[in-house]
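Have the sequence and the 3D view open as you read.

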Amino acid sequence: MSLSRRFFSIRYLLGFFGVIFVVVTLGNSVSYAGSSTNIASAALDRFFPTSGATFEAGDAYSNDVSAIQTVIYNKCLESAGFQGIPYSPQPYVGNNTEFPNLPYLRTHGFSASEGPTPNPTKGMSSSEKKAYNQQSSDCSQKVSAKFASLQSLGAPLQSEWMGIVAQIDQTKAFRKGIKEFSSCAAKSGVNVTGINSFFQYMAKQMNENGRSEAVQLHLAGIYATCLTPAETVRDNLRATARQNFLSSNAEQIKQLTNQVNSIVKVLGDEYHIKWQTN
């Protein structure tokens, strides 16, 4: 059970493909990937989210890219005689402190169940495990290399954007909204001073109540209701800031989206993946 998923990871830095279905033509395996609609738009939402809605839109592309990476990784494993791993999409949780999807939280709460992690070396001898682990490491590096140019171009831009996001969090308008959030939560018996304080309070309540689903859903409802006014202010400020950011970095953004648009075909041709896009 996970209460939140961190925003920054290699997976998120690479998660920007606009593919609806990925049909993997390796043996008889078939994988489904995401529900994306536009490759370039997905890239912008992944690198430069402005709200819970854009973060969720980009989250689907993380699964798209994960499916692509699984194909590359498995083909590399199979070339050394090892069995590939099954593709498993990550459940949507979102970033609930910086880009919360409040309507989603009100209905589903903060947590998501994740299936067990398979052990690919189960039943192997010591020498087989050693060979597998070495091949797995080599294959992981091969996967990373396929996306290195996109990460190199996109990561500095994303870092700059997140600096702007941090500045917006310190604006007078949003800080006023957080005070109102705290006052609203207090009316429901939740005495907190801000967003981080709320999650500390929730962790304490969950520990005291056996990680009760009812408790976390109740608290998610308070969070969503009370944060909506402040989040609306913050989302609007970020939407305006992103327009200016994309405009001032127009040439780099063009290079980024051009790479994103082309890599689908490149990887599809190289690894014999049949893509269905709208």
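**Disulfides at a glance**

Cys 76 and Cys 139 are joined by a disulfide, with 2.1 Å from S to S; a disulfide here is a pair of cysteine sulfur atoms within 2.5 Å. Going by that rule, you get two disulfides. Keep in mind that this is a predicted model, where local features need pLDDT of at least 70, side-chain atom pairs count only at pLDDT 80 or more, and totals for chains, interfaces and linings use all residues. Residues are numbered from 1 along each chain as its sequence is written, and side-chain values use heavy atoms, leaving out hydrogens and water.

**The Cys 76 and Cys 139 link**

- This link is left-handed, with -85° about the S-S bond.
- Cys 76 sits in helix 3 (residues 52-79) and Cys 139 in helix 5 (residues 126-146), so the pair ties together parts 63 residues apart in sequence. Helices are DSSP runs of H or I, at least four residues, numbered from the N terminus.
- Cys 76 is buried at 9% relative accessible area, and Cys 139 is buried at 0%. Buried means under 20% relative accessible area, exposed over 50%, and partly exposed in between (1.4 Å probe, protein chains only).

**The Cys 184 and Cys 226 link**

- A disulfide also joins Cys 184 to Cys 226, at 2.1 Å from S to S.
- Its S-S torsion is about -65°, so this disulfide is left-handed.
- Cys 184 belongs to helix 7 (residues 172-187) and Cys 226 to helix 9 (residues 213-248), so the pair ties together parts 42 residues apart in sequence.
- Cys 184 is partly exposed at 23% relative accessibility, while Cys 226 is buried at 6%.

**Pairing order**

- Number the bonded cysteines of the chain in sequence order and the pairing reads 1-2, 3-4.

Note on methods. Helices (H or I, at least four residues) and strands (E, at least two) are DSSP runs, numbered from the N terminus.
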